[in-house]
Amino acid sequence: MNRKLYVARSPRIAARMLGEEMLVMSGQGSTLFTLNPTATILWQSADGATPLDEIVDRRICPEFEVQPEEAQRDAEALAQDLAKHGILLISEQPISTQSIAKPVASVQQQAQEKVRP
Amino acid sequence: MPGLAVQVERYSVVIAIGGIPVRLNTTDTAFLELLQNRYAGFVSEEDSTEYDFDVELTPPPFTGADTDVRVTYGAGRWLLRRGDFRAEWEPATRRGSIHQTANPYSIDAVLRIVHTLVLAKQGGFLLHSASAIRNGKAFLFAGVSGAGKTTISRLAPADATLLTDEISYVRKHNDDGYVAFGTPFTGELAKLGENASAPVAALYLLAQGPENRIDPVTVADAGRELLANMLFFAEDQEMVHWAFQAACDFVHRVPVHRLTFVPDARVWELIG
């Protein structure tokens, strides 16, 4: 597969890491989603500039110990699914940073607490 | 030809919920009296208000309150619509108007919506929950209809101050805490909450079961359930973001537990 895919976080989405779960809420329709671990990595890595295959190689394969080809296929399907729900933007060209939601790194420090007392 | 000017007497009542005074102006003395009775305990003598609404009473054809509410923003103003009312509100001037028939339910809905819009940017919210003050601390009891909000309110001991049996009012206080206020928004108990406030000590997610017990809740579950119980009306992306962030901030700062209880006053031994 020669074509490159780029993914970016939709600016229409609000996202926070709560404990170990990534919650995202669509600004339109107020729909709440909980991302699974793979989708969370995809969301966190979706800077619009890094190609999807690179995200798979560097972030997803080491994390889940899957074969690159299988991981690439699954990641592409997942990205399409997230795009369908308006969570990610997908393009065959790099995506401008102006259209990307704020990174969630700033709130991950608040996510240390896993279970309330 | 000189115009004929008619001076119409306007009457006002200031209703302060959550420490936010809202003035309602009307030309109808009977409606004024209805408002004063409906919001007794929350009527303020303050002259300065944060928001001002002219209430224009309209005869039917306004339909009932069972249609969906729509809250949209455009051209610098909020438009609030339901079968039984139509209201506009301009945040920049803090003024608005309400068109409705002479009933207390429409104005109740408008006040709830206006307060959710005001609170969202401040990190606060209205919540489907009962709340009460005990030993100087406020406790929230959230749940959908039938979860036990009215029951836990009925079971409250004499030393508890009931803030509401239906809709709690939560404001962010500085950067590290929240304050719950009493509201006149009632549920099955049909009793106005006390116009009092206290720092929020905990949020309990209600469940009815065979015994009284408190269980931990993951912060993600707390966030999901808080969002599910928040009152939110606006079809506006920015407001959705504010509400989402408010819920996430709250569950990071306030202990959230699952409270399973039998309809028995001893459940309050676990609270406070």
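**Domains of chain B and a sheet of chain A**

Chain B is divided into domain 1 (11-120) and domain 2 (125-270), with bounds from an automatic or database domain assignment. The model is predicted: local features need pLDDT of at least 70, side-chain atom pairs count only at pLDDT 80 or more, and totals for chains, interfaces and linings use all residues. Residues are numbered from 1 along each chain as its sequence is written, while chains are lettered from A and ligands numbered from 1 in the order in which they are written.

The C-alpha centres of the two domains of chain B lie 25 Å apart. Their contact takes 19 residues from domain 1 and 20 residues from domain 2. Two residues are in contact if their C-beta atoms, placed from the backbone, lie within 7 Å. On the domain 1 side, β5 (70-74) and α2 (104-120) of chain B each give two or more residues. Helices (H or I, at least four residues) and strands (E, at least two) are DSSP runs, numbered from the N terminus. α2(B) gives the most to this side, with eight residues.

In chain A, three strands form an open sheet in the order β2-β3-β4, with antiparallel pairing. Strands pair if DSSP finds at least two bridges between them. The edge strands are β2 (13-18) and β4 (32-35) of chain A. Six bridges join β2(A) to β3(A) (residues 21-26). Here Ile13(A) stands opposite Ser26(A).

Helix α1 (residues 37-45) of chain A packs on this sheet and touches β2, β3 and β4 of chain A.

Key
Axes fitted to C-alpha atoms, helices over the stretch in contact; angles between N-to-C directions.
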